Amino acid sequence: VPPLLDGIEAVHAAGFLHRDIKPANILLSDRGAPVLIDFGAARQTLTQEESKLQPMYTPGFAASEQYHNRERLGPWTDVYSVGASLYACLAGYPPQAADARLLNDKLVPATVNWRGAYSDQLLETIDHCLKLNYMERPQSVFSLQKVLMDRSAMVPPRTSFLASLKRSEER
């Protein structure tokens with residue numbers, strides 16, 4: 001994830017948003033480095049005025065401001081998509097679409113779904129990125145990178161085999 005975030009940060013530094021980050025738009029090079037592709041939504045901002053832009057997003061990976069209040073798009077919009085992508089990698093499916101969550105939020109937080117299987121810090125970071133209110137998310141890729149680069153907090157908790165069985169029965 002950190003190399004991917006470096007690329008997204010470079011896009012933001014150039015004054016653009018990707019606006020369609022999702023696992024299908026992240027390829028791995030021969031050396032295992034992530035490569036972000038499909039800049040169609042970002043490229044569109046180069047040639048058209050914001051008021052003429054067609055909404056471009058993928059349900060489940062798009063932040064609520066991509067559906068409504070498009071004037072509030074910012075780096076936090078791509079941060080939402082990163083969180084949704086991480087969630088999808090753990091779940092095997094995308095999270096509930098943000099527009100549906102605004103009406104009836106049924107998204108089970110990562111901290112509930114995968115407690116004990118992954119570090120609390122990673123799960124809390126995913127949940128933080130998936131906040132519906134853009135002001136409650138990390139406001140920049142840099143702030144997200146700082147949290148994810150703290151390797152000491154990324155160690156999953158040690159649990160006994162019996163405890164992990166009990167947790168899976170609770171789900």
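**View 1. The residues lining the largest pocket of this predicted model.** The lining of the largest pocket consists of Val-1, Leu-4, Ile-21, Pro-23, Ile-26, Pro-34, Val-82, Ser-85, Leu-86 and Cys-89, and the pocket has a volume of about 170 Å³. Helix H4, which runs over residues 75–91, gives the most to this lining, with 4 residues. Sorted by class, the lining residues are 9 nonpolar and 1 polar, with no charged residues.

**View 2. Helix H1 and its buried residues.** Helix H1 (residues 2–13) has 12 residues and reaches 16 Å from its first C-alpha to its last, which is close to the 16 Å expected at 1.5 Å a residue. Its buried residues are Leu-4, Leu-5, Ile-8, Val-11 and His-12; because they cover an arc of only 110° around the axis, they lie on the same side of H1. An α-helix has 3.6 residues a turn, so residues three or four places apart point the same way. The buried residues of H1 pack against strand E1 (26–28), strand E2 (34–36), H4 and helix H8 (141–148). Just after H1, Gly-15 takes a positive phi of about 90°.

**View 3. Helix H7 within the rest of the structure.** Of the 10 residues of helix H7 (residues 120–129), 7 are buried, so this helix is largely enclosed by the rest of the structure. The buried residues are Gln-121, Leu-122, Leu-123, Thr-125, Ile-126, Asp-127 and Cys-129, and they pack against H4, helix H6 (110–113) and H8.

Terms used: Residues numbered from 1 in each chain as written. Predicted model: local features only at pLDDT ≥ 70, side-chain atom pairs only at ≥ 80, totals over all residues. Heavy atoms only, no water. 1 Å grid on protein atoms, 1.4 Å probe; cavity = no way out; pocket = protein on both sides within 12 Å on 5 of 7 lines; lining within 4 Å. Points joined across faces, edges and corners; volume = space filled by probe spheres on them. Helix = DSSP H or I, 4+ residues; strand = E, 2+ residues; numbered from the N terminus. Nonpolar A, V, L, I, M, F, W, Y, C, P; charged D, E, K, R; others polar. Expected span 1.5 Å × (residues − 1). Buried < 20%, exposed > 50% of the residue type's maximum accessible area, 1.4 Å probe, protein only. Arc of directions from axis to C-beta. Contact = heavy atoms within 4.5 Å.
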